[in-house]
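Colleague: Could you walk me through this protein as if I were new to structures? I'd like to ask about it piece by piece.

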Amino acid sequence: IIFKNSNKTLEFQDISLKGSIKKFFLQEINNQTKNKSIIQEFCDKFKERVKKQKESLKKIGYEDIFSSKLKTAYRLVVGLGSGSVFETSLTLHHIFGIPYIPAPALKGVVRSVSFWEIAKSEMKKNENFNIEEFQKKLYDENISNSDTEEIIIHKILFGTQEFKGLLIFLDSYPEINKETNKENNNFDIFELDVMTPHYQEYYTKTQTPGDWENPNP
């Protein structure tokens, strides 16, 4: 592995990336991402990419109803369950390798919030409310005369198995806060962490999760 703008080279041959070697490898990768010019260049390119996407959608009749800069409260990781040469994965852009939040993930979060808001309203009306049947009604069934206004709007916006919803979500990319970092040349995009699955049998063998399992960092 030869790092850009650096004379540093990492060479691994017949070595398993685990333990202290894996930690060293990831630390070096992390250190190489703290270059202001490289990260700034990527962020600017993605910002322009999103701008062009929005312009193209407006030309065919779409309207921008929500654009905002959001700040995470803590570390964010997307794509842990994807295949990877390491134990855990991370969603990175397939060309530039920068972390981002794919549009389907954003849509899933927003749709989930909408679903539970409607579900809580329906629970108050019906003592025999069944969450599984209600989920099937929102995701699998077409619009019917028995649907409330809230349910109809949800189906039109997010779609069902029968038709595509009206909402289009775009990928979300990191952006450097120039005011906060104007005197700092280093920008932390990645941070090393340890993932500890507490219910390994549950995740791998569909067993019931329980405190009797041994956590495996």
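What follows is a set of questions and answers on this predicted model.

Modeller: Some ground rules: residues are numbered from 1 along each chain as its sequence is written, and side-chain values use heavy atoms, with hydrogens and water left out. This is a predicted model, where local features need pLDDT of at least 70 and side-chain atom pairs count only at pLDDT 80 or more, while totals for chains, interfaces and linings use all residues.

Colleague: How many helices and how many strands does the protein have?

Modeller: Helices (H or I, at least four residues) and strands (E, at least two) are DSSP runs, numbered from the N terminus. Going from the N terminus on, the elements read α-α-α-α-α-α-α. So the tally, by that definition, is 7 helices and 0 strands.

Colleague: How are α3 and α5 oriented to each other?

Modeller: Axes are lines fitted to C-alpha atoms, for helices over the stretch in contact, and angles run from 0 to 180 degrees between N-to-C directions. The angle here is about 170°, and the axes are 11 Å apart. Angles under 35 degrees count as roughly parallel, over 145 as roughly antiparallel, 65 to 115 as roughly perpendicular and the rest as oblique. The two helices are therefore roughly antiparallel.

Colleague: How do the residues of the contact of α3 with α5 divide by class?

Modeller: On the α5 side, the contact is made by Glu 150, Ile 151, His 154 and Phe 158, and the α3 residues include Val 110, Phe 115 and Ile 118. Ala, Val, Leu, Ile, Met, Phe, Trp, Tyr, Cys and Pro count as nonpolar, Asp, Glu, Lys and Arg as charged, and the others, Gly among them, as polar. The contact then divides into 5 nonpolar, 3 polar and 4 charged residues.

Colleague: And what is α4 relative to α5?

Modeller: These two pack at about 55°, with axes 9 Å apart. That angle makes α4 oblique to α5. From α4 come Phe 134, Lys 137, Leu 138 and Tyr 139, and what they meet in α5 is Ile 151, His 154 and Lys 155.

Colleague: Is Lys 155 buried or exposed?

Modeller: This lysine is found in helix α5. Beyond its neighbours within four places in sequence, Lys 155 is in contact with residues including Lys 137, Glu 141, Asp 147 and Phe 163. Its relative accessible area is 0%, so Lys 155 is buried.

Colleague: Where does Tyr 100 lie, and how far is its C-alpha atom from that of Asp 171?

Modeller: Tyr 100 is in the loop between α2 and α3, and at 16% relative accessibility this residue counts as buried. Leaving aside neighbours within four places in sequence, its contacts include Thr 91, Asp 171 and Tyr 173. Tyr 100 and Asp 171 are 71 residues apart along the chain, yet their C-alpha atoms are separated by 7.2 Å.

Colleague: Last one: is Pro 174 buried or partly exposed?

Modeller: Pro 174 lies in the loop between α5 and α6. Not counting residues up to four places away in sequence, Pro 174 touches Cys 43, Ile 98 and Pro 99. Its relative accessibility is 25%, so Pro 174 counts as partly exposed.

Definitions and conventions:
Contact means heavy atoms within 4.5 Å. Buried means under 20% relative accessible area, exposed over 50%, partly exposed in between (1.4 Å probe, protein chains only).
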